[in-house]
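I opened the notebook to look up charged pairs and nonpolar packing. Entries follow in the order I checked them.

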Amino acid sequence: MTELLHNDTVDVLLNRRSISAFRPEPLSPEMTATIESAAQHVASSQYLNDWSAIRVVDQSLKDDLAAIAKQPYIAQAPALYVFVLDEYRNMVIARKQGGAVDSDAFTLKNSYRFTQAQNDAVLALHAMETAAESLGLGCVILGSILNDIPRLIELFHLPKYTYPVLGLAIGKPAQEPEVKPRMGADLQFFDNRYNDDPSFIMRNIAEFNEEVHQYYDLRDPNTPLPTYDAQIAKKAVAGEVLGRGLEHAAKQGFELNR
């Protein structure tokens, strides 16, 4: 195995962990300003700046998010954000400039723009997470807030042409979990073409299976989890996730079939 190079930035990324217990200490104004600025400095598709983030500072809203996500620790996060793909702001700008935003010529509502804005929101969130961890903070990315998208839209008064993407909880860690295993690079990096050989995949997944199984056993020996491939097989047919689909986006004005 090739030896990795190390510096402060690389080590922050290589030691990334999800933190679900925080010390009850607020972030300093300087920390907050720094991590938010880091989010704003990521790349943006065609310089549309088509994302926004809502700081969740009201405790009742934190409680609501924790209930939606079914993760009580969210309510105790010192800093909590909901990242949103945002074409509403660009629609307002375009309309002010005389753009035909109520016609078929308006393209900020189509599938391509939706996907790109979602990508931009994720990039911004990841930059904020990395900046926070470099300052000694802990984070957890919250896909679980999407359990009830209509409720999120209602809670945060999300206007037309916006859509929730992910949450991010941040604070000073009150736990030190082990770094979760990652699958071998051969399974995710390919030269020149995708390797679609099933036997190659399953041959290389065997060792990863054991690593994942040991990780979960050590983390919680009283609640052992199945191997990685068994987890994937279960999630591949989990019908409850269908309710989180993009049909809600149509109510927000997006035309995802275009």
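This is a predicted model: local features need pLDDT of at least 70, side-chain atom pairs count only at pLDDT 80 or more; totals for chains, interfaces and linings use all residues.

Residues are numbered from 1 along each chain as its sequence is written, and side-chain values use heavy atoms, with hydrogens and water left out.

**Entry: salt bridges**

I counted a salt bridge where a side-chain nitrogen of Lys or Arg lies within 4 Å of a carboxyl oxygen of Asp or Glu. The structure has 10 of them.

I looked up Arg 17 and found its side chain paired with Glu 176 at 3.0 Å, N to O. Arg 17 sits in the loop between α1 (8-14) and α2 (29-40), and Glu 176 in the loop between β4 (162-171) and α7 (198-219), so the bridge ties together parts 159 residues apart in sequence. Helices (H or I, at least four residues) and strands (E, at least two) are DSSP runs, numbered from the N terminus. Glu 176 is exposed at 61% relative accessible area. Arg 17 is partly exposed at 25%.

Next I took Asp 64 and Arg 151, whose side chains form a salt bridge at 3.9 Å, N to O. Asp 64 belongs to helix α3 (residues 59-69) and Arg 151 to helix α6 (residues 149-155), so this pair links parts 87 residues apart in sequence. Asp 64 is partly exposed at 27%, and Arg 151 is partly exposed at 28%.

Arg 151 also bridges to Glu 154, at 3.0 Å, N to O. Both lie in α6, 3 residues apart, about one turn of the helix. I then noted a network: salt bridges with shared partners join Arg 23, Glu 25 and Lys 172.

**Entry: nonpolar cores**

I used this rule: a nonpolar core is a set of buried Ala, Val, Leu, Ile, Met, Phe, Trp, Tyr and Cys residues joined through side-chain atoms within 4.5 Å. Which residues touch the most other members of the largest core? Leu 65 and Ile 170 do, in a core of 57 residues. At least two residues of this core come from each of α2, α3, β2 (79-86), α5 (111-134), β3 (138-142), α6 and β4. The largest share, 8 residues, comes from α5.

I listed contacts (heavy atoms within 4.5 Å). Leaving aside neighbours within four places in sequence, Leu 65 is in contact with residues including Val 56, Ile 74, Leu 80 and Phe 156. Apart from this core lies another, of 7 residues, among them Leu 187 and Phe 200.

Methods. Buried means under 20% relative accessible area, exposed over 50%, partly exposed in between (1.4 Å probe, protein chains only).
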